[in-house]
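Welcome! Take a moment to look over the protein shown here, and then we can walk through what its atoms tell us.

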Amino acid sequence: MAGLDSVLADIGKWLQSNVLLDTIRIERPVSGDPVLDPATGNLTYPGPELVYEGQGAVLSTGAPGGINALPSATLPWVEETMSPARLLTPLAAPLPARDDLVTVVAVHNAANTALIGRKWFCQDPGRASTLEAVRTTPLDMKQAPRGGTP
C-alpha cells in the first residue's frame, strides 16, 4: 500500500525530529584471543565494534520487572532486577544484535545528564514489523554493582 507507506514515512520523519533527540551508541562485543601489545608487553583484548552512533531514544517500559533470582545472603549469587526498556532508532540505522550494548552518549535535556554513560543490553534483534515508522529494540539495563555507578 503506497499510501500507508507514505504516511508511515511521514510519521518516521516526525518521530526523528521530535522523539529521537538523544545520541546513542550501539557496540558489539568482540570475542577473540588477546593480542600482545609490544609497547607495554601486556595482552589486550579486542575492543568492541561500533555498530551505530546517532539519533535515538531509550524509553523505560515501566517499573523494574522483578528479581530473577531469590534474594538471600546464603546463596552464592546476587539477585539482579530486570529493568526493561525500548530503544528507538531510525529505520536506516543498522539492526542491533542480541547482546549488543547501547549507551546514551548525549541527551537533549540538560536535566537528564545522569543518563549519559548508562548502558543497556539488547535482548533481541530489532523488532521486525510490516508497519514501521522507527525501529524498536527490546533492552534490559546493565545493572551497576552495589554502591557503584552504571
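A residue is called buried when its relative accessible area is under 20%, exposed when it is over 50%, and partly exposed in between (1.4 Å probe, protein chains only). Of the 150 residues of this protein, 25% count as buried. This is a predicted model: local features need pLDDT of at least 70, side-chain atom pairs count only at pLDDT 80 or more, and totals for chains, interfaces and linings use all residues. Residues are numbered from 1 along each chain as its sequence is written, and side-chain values use heavy atoms, leaving out hydrogens and water.

**Overall layout**
- The protein has 1 helix and 10 strands, taken as DSSP runs numbered from the N terminus (helices: H or I, at least four residues; strands: E, at least two).
- From the N terminus on, the order is α-β-β-β-β-β-β-β-β-β-β.

**Inside the protein**
- A nonpolar core is a set of buried Ala, Val, Leu, Ile, Met, Phe, Trp, Tyr and Cys residues joined through side-chain atoms within 4.5 Å.
- The largest such core has 13 residues, and those touching the most other members are Ile24, Ile26, Tyr52, Leu87, Val102, Trp120 and Leu139.
- Two or more residues of this core come from each of β1 (22–28), β4 (49–60), β7 (84–89), β8 (101–106) and β9 (119–122).
- Apart from it lies another core of 6 residues, including Leu15, Leu20, Leu88 and Ala133.
- In soluble globular proteins, nonpolar side chains tend to be buried together.

**Contacts along the chain**
- Contact means heavy atoms within 4.5 Å.
- Among contacts between residues at least 6 apart in sequence, 61% join residues at least 24 apart.
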